[in-house]
Amino acid sequence: MKKNEYPTIPAKTIVRSTQSPDQWFGVNCNMNIYRGCPHGCIYCDSRSDCFRNPEFDTVMVKENALEIIRNELRRKVKTGVIGTGAMSDPYNPLEAELKLTRNSLELMNAFGFGVSLVTKSDLIARDGDILADIQSHSPVIAKFSVITADDELCKKIEPNVALSSERFEAMSKLAAQGIFTGTMIVPLLPYVSDTDKNIRDICQMTKEAGGKFIYTYMGMTLRQGSREYYYSKLDDVLPGVKEKYMKRFGIRYNHTSPRSRKLWDVFTKECERLGLVYDMRAIIHSYKSGYDSGQLTLF
């Protein structure tokens, strides 16, 4: 792909320090090379109006991203874990050709940083070699976002992503290379994916793929913008479900599954039976264990 054949957006900074590194997978900094996402997940919170991205479905590349990342990493006094994938999937279709995520991983490797990735793409398996290199000196955690074990449901609510089964295949490849990997069931959609069977199936598939952990939240969040989009898409793919949301939740932000207590019991028992870590602090401890604690302090 030639320069300027894709949308770009100016950027002054990309690697931003977090306030509470122990709260979310032990991440010290967040990094987003891309803006927007083409996956089409009907529930995505990043579509909310507060993020001011009316062209969310179009992927834009931050200009001079690698130069900015290199300069910011070299200025850091201490290393730590850099998270990516929170606002825009680092393995979108542009990444297959541009390799900006891969090149940023090479920079992290060179400067001695760890990484925490989350994706819905199987393209991450391409970078197993560099993730293994990073893990030789710093913590690495590769999280696959999977909210349904059913490929047919996946096609309806996540129309442009790798199928759930394909994500587990990619997980298997990373696990075979010794990468600390697992699953995020976030969000869990009330009246859509909040079933005992779905929870059990995802736990089992994670274990079979070599995953070490699962993290979940028994519900979802909806803000202005994302709520309207989600409801309109529900009418298209799962008629009648929107009315259940409106009756129970109205315009609330948190949409906890009405089956949350039962599901949590099913979830924890399955994780314990299969030997999967599910508590956030335990997950952080597991993937950071064995590394110099002084390396992982705040910048």
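A: Let us begin with a pocket lining: by class, that of the second largest pocket has seven nonpolar, six polar and four charged residues. Here Ala, Val, Leu, Ile, Met, Phe, Trp, Tyr, Cys and Pro count as nonpolar, Asp, Glu, Lys and Arg as charged, and the others, Gly among them, as polar. This is a predicted model, where local features need pLDDT of at least 70 and side-chain atom pairs count only at pLDDT 80 or more, while totals for chains, interfaces and linings use all residues. Residues are numbered from 1 along each chain as its sequence is written, and side-chain values use heavy atoms, without hydrogens and water.

Q: What is the volume of the second largest pocket?
A: Rolling a probe the size of a water molecule over the atoms shows where empty space is left. The second largest pocket has a volume of about 250 Å³. Of its 17 lining residues, the closest to its centre are Asn32, Tyr34, Arg35, Lys62 and Met87. A pocket is an open set of points on a 1 Å grid over the protein atoms alone where a 1.4 Å probe fits, with protein on both sides within 12 Å along at least five of seven lines, and lining residues have an atom within 4 Å of a point.

Q: How many disulfides does a search of the whole structure find?
A: A disulfide is a pair of cysteine sulfur atoms within 2.5 Å. The search finds zero. Cys41, for instance, is in none, and the nearest cysteine sulfur, that of Cys37, is 6.3 Å away.

Q: Is Cys271 buried or exposed?
A: Buried means under 20% relative accessible area, exposed over 50%, and partly exposed in between (1.4 Å probe, protein chains only). Cys271 is buried, at 0%.

Definitions and conventions: Grid points are joined across faces, edges and corners, and a volume is the space filled by probe spheres set on the points.
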